[in-house]
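This briefing covers the pockets, the cavities, the contact between the chains and some backbone features of a predicted model. Please read the points below with the structure open beside them.

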Amino acid sequence: MAKVPVQFTLNGSEKAEFIESGTTLLHALRDKIGDTSPKGGCHQGTCGACSVIIDGELRLSCLTLAETCSGADIKTTAGLAEGGVLHPLQRAFLDAFATQCGFCTPGMIMAAKVLLDRTPNPSREDVVEALSGNICRCTGYEPIIQAVLTAARANSQNAA
Amino acid sequence: MSLALQTFSSVKDANAALQAAGARYIGGGTLVVRAANEGDVSVSSLVRVTDPGLSRIAVSGGKVRLGASVTMAAIARHPELATLAPAARAVGGPAIRNMATVGGNLFAPTPYGDFAVALLALDATVVTEDGEIPIETFLAGRDTSRAVVTAAGFSMPKAESFRFLKVSRVKPKGVSVLSIAALLQRTADGTVTAARIALGCMADRPIRAKSAEKALLGCKLTPQEIAPALAAASQGIAPITDPIASAWYRAEVLPVHLGRLLLD
């Protein structure tokens, strides 16, 4: 299989790789680039574990071909912490016991980040809607919802 | 997975490439990449078109034209398409809606394709390089279609005349038990003068509830007057059975939900 060049920005850093044509972004990130924060769950667009942010929009990396991302700005959970300090969402997930096995957590956090970027003070319904494409089999969602609301409150207090 | 992706700037070149055995068109990827991930070896190459015209939404003179690459998210947030927003929001979760396209939804097998149900009720036309065909003709032949769909067009419905309902077990996102879209023309006193009702999950693709449409003519939307239409709704249906619901269940609850939609 012929290899094709792919070049994009990942968490602020330029990445350039040769990949097999038809490779999903999920595989490119995990197997070629070494960013294992997006998780491969269902590979069918159902569980949301592989969610990443591409050009500001939440997308499923398991259903996105890496070749279609040339020139894109991609963000994953691995790029959220800055200078060793966790992102408020990451901190809130830890503090609210919103992770159990942790497999869904990166996807949940990316979905929540898109929400908070656009809606800094979301309602509970906004959070439920934003996370509706992400499946968790451990926590029962309530701690996750509370973590996102907590992070939103922390953000608004910091901004005030 | 071993798939060769071919990217074209024009629909014409993509149409030529699609004639090759094993070639499939890729829009948002939510159907074809999923199929490949599942191990569908009938797909050996993917064809896409980067023409920005395919992502264009045009609303003018009461007519709407949705490019085939327009996403459900783009429809849901478009200020002039608020009437259609419930149907667009019925598709998947936020990430899927950022990827799923109008063109792809026309090919989505049941229980997916909720937006196509809305397009069927709206009497849309499906556009390819060969011209425009009625959506019912397109849906009937979609399994053997080899031409790139470039757009869907329809007349903008008045807000009060278009209704959409998706029934699912998980809220706010869940696979359809069934979906219903209705386009109703009524006189000032509320009498139905024209009706188009489209059903999802009541066959292997969106279908019309023609008996119910006929029974609604001349009726006002009251429980008594719509009763014959609800009784007729199950004529000609062949619901699917899947892990979400059995065919029997879907047939049983169809009149209930159609009644709720009409009386809402």
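The second largest pocket is lined by 30 residues, and those that lie nearest its centre are A:Arg59, A:Thr68, B:Gly27, B:Arg48 and B:Ser55. Two or more lining residues are given by each of β4 of chain A and, in chain B, β3 and α3 (72-77). The space in this pocket comes to about 730 Å³.

**Second largest pocket: make-up of the lining**

- Sorted by class, the residues that line the second largest pocket divide into 12 nonpolar, 12 polar and 6 charged.

**Cavities**

- The count of cavities of 30 Å³ or more comes to 3, and the largest cavity holds about 60 Å³ of space.
- From chain A, the residues that line the largest cavity are A:Gly45, A:Gly48, A:Ser51, A:Leu58, A:Leu60, A:Gly133 and A:Asn134, while from chain B they are B:Gly93, B:Pro94, B:Ala95, B:Ile96 and B:Lys173.
- At least two residues of the lining of the largest cavity are supplied by β4 (57-60) of chain A, and at least two by α5 of chain B; the largest share, 3 residues, comes from α5(B).
- By class, 5 nonpolar, 6 polar and 1 charged residues make up the lining of the largest cavity.

**Interface between chain B and chain A**

- In the predicted model, 25 residues of chain B are in contact with 24 residues of chain A.
- The size of an interface is often given as the accessible area lost when the parts come together; for chain B and chain A the buried area is about 2100 Å², and 56% of it is given by carbon and sulfur atoms.
- Between chain B and chain A there are 9 residue pairs in polar contact, counting pairs in which both residues are at pLDDT 80 or more.
- On the side of chain B that touches chain A, the elements giving two or more residues are β1 (4-8), α2 (32-38), β3 (45-49) and α5 (94-97) of chain B, and by class this side has 12 nonpolar, 7 polar and 6 charged residues.
- The rule finds 2 salt bridges across the interface of chain B and chain A, one of which joins A:Glu57 to B:Arg77, with the closest N and O atoms 3.5 Å apart.

**Backbone features**

- B:Thr110 and B:Pro111 are joined by a cis peptide bond with omega about 15°, and B:Pro111 is found in the loop between α6 (102-107) and α7 (114-121) of chain B.
- B:Lys171 and B:Pro172 are also joined by a cis peptide bond, here with omega about 0°, and B:Pro172 lies in the loop between β9 (162-168) and β10 (176-186) of chain B.
- In chain A, A:Tyr141 has a positive phi, near 75°, although this residue is not glycine; A:Tyr141 lies in the loop between α4 (124-130) and α5 (142-159) of chain A.

Methods. Residues numbered from 1 in each chain as written. Chains lettered and ligands numbered in written order. Predicted model: local features only at pLDDT ≥ 70, side-chain atom pairs only at ≥ 80, totals over all residues. Heavy atoms only, no water. Contact = heavy atoms within 4.5 Å. Buried area = accessible area lost by both parts, 1.4 Å probe. Salt bridge = Lys/Arg side-chain N within 4 Å of Asp/Glu carboxyl O. Polar contact = N/O pair within 3.5 Å; in protein donor to acceptor, adjacent residues only side chain to side chain. Helix = DSSP H or I, 4+ residues; strand = E, 2+ residues; numbered from the N terminus. Nonpolar A, V, L, I, M, F, W, Y, C, P; charged D, E, K, R; others polar. 1 Å grid on protein atoms, 1.4 Å probe; cavity = no way out; pocket = protein on both sides within 12 Å on 5 of 7 lines; lining within 4 Å. Points joined across faces, edges and corners; volume = space filled by probe spheres on them.
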